[in-house]
Every structure is written in C-alpha cells, then in structure tokens.
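Open the model in your viewer and keep the sequence panel beside it.

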Amino acid sequence: MGKLEGKVAIVTGASKGIGSGIARVFAQQGAKVVLAARGEHVLKYAEELRSDGYDAIGVRCDVSDYDSCKALAQAALDAYGRIDVLDCNAGICVLGDFLTKDDSWRDSHIDVNIKGVWNACKAVIPSIIAAGGGAIVITSSVTGDMVADPGEAAYATTKAALVGLTKALAREFADKNIRVNCICPGYIRTPLVEGMARQSDPDNPERAIQAIASAVPLGRLGTPEECGELCAFLASDEASYLTGTQMVIDGGSTLPETTSMGQ
Ligand SMILES: NC(=O)c1ccc[n+]([C@@H]2O[C@H](COP(=O)([O-])OP(=O)(O)OC[C@H]3O[C@@H](n4cnc5c(N)ncnc54)[C@H](O)[C@@H]3O)[C@@H](O)[C@H]2O)c1
C-alpha cells in the first residue's frame, strides 16, 4: 500500500520539472492528485497520469491570483470531496543584475514565489482543517537561506522568505493537526535549470550543466522524482512528528567549505 493511500493532494507547478515528479510519485503512492499550473500542458500531463492508471485531474491556475487558487481548491473538492495535502511547488527563477534590473523583476518573483504560496495556503487550509488535518509541503531552495550566486537577488529573497512562512504556518496550524514543512533543493535537472544553463552558456548549455554536476559531491544533478519521494514522505503519516522543518535535498552541494580546498 502506498504511503499516501486515500489522500487527496494538490500539487502546484505540476506541469513540468520538480512538480511533475512530485505529482507522479504522489500518484504512485496512492494519492488522488490535483495538478495545477498556468498553461494547458498541465491538463495533458494529468491525462498522461490517468492513462498510466493513476487518479489525477489537471486544473489551470495562476497561483499569483488568489481567486484562481480558490477556484483550484473548489475544483479539488468537486472532484474528490476533500483535501488532505497541499504541495506548493510553483515558482520562477530569472537571473538578473541587481543594479540595472527593473523592479518589476523583483515583483514578479514576489508575486509567484511568495504570494503564490501564500494564496494557495490561504485558499486550501480551510479545506484541510475540514478534513481533520493534513500536511503542507513548500518548495523553498538552498538558494536564499543557505547559498546564493550573483544574479539571484530576486529569487533568493523569495525562497528565503518561504522558510519563514513554513515556520509561521507550522506554528499557527499545529493545533489544527496540519504539519507544514519545506524542501530546499539544490540543483535538480528541470526546464528551469536548463534555462539557467542556456543563460550562462548560450553556446553550450550542456557544458554548464556538466560544470554544475562536477561541483556536486554526488557528481550529478537531482531528479524531480527524488524530490517527489521526499515530498511524499513529508506529506505522509510517516512524518507525523515533523513540522516547521526545512529538508535539504542537494546531493551534498552545500557541503564544501570552498570549491578549491582539498582538491
Ligand atoms: N530546479 C532546481 O534546481 C530547483 C532548485 C531549488 C528550488 N527549485 C524550486 O522548485 C520549484 C519548481 O522548479 P522547477 O525547476 O521544476 O521549475 P520549472 O520552470 O521547470 O517548472 C515550474 C512549474 O511552476 C509552474 N508555474 C510557474 N509560475 C506559475 C504560476 N504563476 N502559477 C501556477 N504555476 C506556475 C510552471 O507552469 C511549471 O509547472 C520552484 O519553486 C523552484 O524555485 C528548483
């Protein structure tokens, strides 16, 4: 029996990348999964999961819009009658120069990465309370709270904020039997990271990916499914005494004190 058997789970940003891996692992673990993302592709991906024998629906939703999140919660209730798990994974990352970038660059990250999680939680928590409790998992990052590279000011600001939001919600809803934890991925091979690789080495993005891999102690980037396994654990009753935590999943990339010593 899967560790999420009988649970209804919403996953945002589920059309590709880490969210698609989370949605697939949740489905494999027995959850009924509501996949949410902005574009049409999320509907196709939900269909793909159904054709693989899983219970899933797709909903188009822009997490930066509260009404869209409320409609997402309603769609989940209409389809499955309850919500036990919310996985807030949708996010954006665009690198930029702090001094020259327009402030709309900062605001777009705040709108999706912070307000998007805020909106989804606000829209869905009443249903989790009505179900008698459940779990929320938030995708933060090692970037912001632990590390940062040039160009990541907007992204790092928002991802660090999610650690604070995780702890605040964990505290506020503990007495409603809702556990709230976040995952902090290092480099996971997704369209987002492939886009960053194209930005940093337009002539040979694969070279940029390999450079990242060689700096990771485990020697490779992570996969969306590996993040999905961690999220499934945090969402499941196996993690029943875990709340307010941040789980680093980075192949050891934040371990080296410097990149040059000990070589
Ligand atoms: N890939 C990594 O190495 C990495 C590392 C740390 C954290 N993260 C975080 O993991 C999450 C997923 O990243 P990814 O690499 O899979 O990215 P991705 O670009 O491959 O996928 C992002 C997903 O979020 C959705 N999305 C974006 N804006 C949205 C909005 N306004 N409303 C609804 N959905 C929206 C997209 O449709 C897509 O499904 C993000 O929060 C990202 O910050 C990624």
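What percentage of the contacts in the protein chain with a separation of 6 or more is accounted for by residues 24 or more positions apart? The share is 69%, where contact means heavy atoms within 4.5 Å.

Two notes on conventions come before the selections. This is a predicted model, in which local features need pLDDT of at least 70 and side-chain atom pairs count only at pLDDT 80 or more, while totals for chains, interfaces and linings use all residues. Residues are numbered from 1 along each chain as its sequence is written, and side-chain values use heavy atoms, with hydrogens and water left out.

**Whole chain**

Show the protein chain as a cartoon. The chain has nine helices and seven strands; helices (H or I, at least four residues) and strands (E, at least two) are DSSP runs numbered from the N terminus. Along the principal axes, the C-alpha atoms fill a box of roughly 55 × 40 × 35 Å. The radius of gyration is 18 Å, which agrees with the value near 18 Å for a compact globule of 263 residues. That radius is taken over C-alpha atoms, and the globule rule is 2.2 Å times the number of residues to the power 0.38.

The accessible surface of the protein chain comes to about 12,400 Å², with 52% belonging to carbon and sulfur atoms; accessible areas come from the Shrake-Rupley method with a 1.4 Å probe, and for residues only the protein chains shown count as cover. Of the 263 residues, 49% are buried. Buried means under 20% relative accessible area, exposed means over 50%, and partly exposed lies in between (1.4 Å probe, protein chains only).

Select Ile10, Leu86, Cys121, Ile136 and Ile138. These residues have the most contacts inside the largest nonpolar core, which has 38 residues. A nonpolar core is a set of buried Ala, Val, Leu, Ile, Met, Phe, Trp, Tyr and Cys residues joined through side-chain atoms within 4.5 Å. At least two core residues come from each of several elements, including strand S1 (8–12), helix H3 (66–80), strand S4 (85–88), helix H4 (103–130) and helix H6 (153–172). H4 supplies the largest share, eight residues.

Center on Ile138. Leaving aside neighbours within four places in sequence, Ile138 is in contact with Cys88, Val117, Leu162, Thr166, Val180, Asn181, Cys182 and Ile183. Then select Ala31, Val33, Leu230 and Cys231, which are among the 30 residues of a second, separate core.

**Buried stops**

Go to Ser15, in the loop between S1 and helix H1 (17–28). Is Ser15 buried or exposed? Ser15 counts as buried because its relative accessibility is 16%. Beyond neighbours within four places in sequence, Ser15 is in contact with Ser20, Ala37, His41, Val42 and Tyr45.

Next select Ala197, in helix H7 (residues 191–200). At 3% relative accessibility, Ala197 counts as buried. Again setting aside neighbours within four places in sequence, its contacts are Pro205, Ala208 and Ile209. Draw a C-alpha to C-alpha distance from Ala197 to Ile209: the two are twelve residues apart in sequence and 6.2 Å apart in space.

**Partly exposed stops**

Select Glu229, in helix H9 (residues 224–235). Glu229 is partly exposed, at 38% relative accessibility. Not counting residues up to four places away in sequence, Glu229 touches Val25 and Gln29. The C-alpha atoms of Glu229 and Gly21 are separated by 8.6 Å, although these residues lie 208 residues apart along the chain.

Move to Asp97, in the loop between S4 and H4. Its relative accessible area is 43%, so Asp97 is partly exposed.

Draw a line from Ala79 to Pro150: their C-alpha atoms are separated by 44 Å, and the residues are 71 apart along the chain.

**Last stop**

Finish at Asn177, in the loop between H6 and S6. Check its backbone torsions: phi of Asn177 is near 65°, a positive value in a residue other than glycine.
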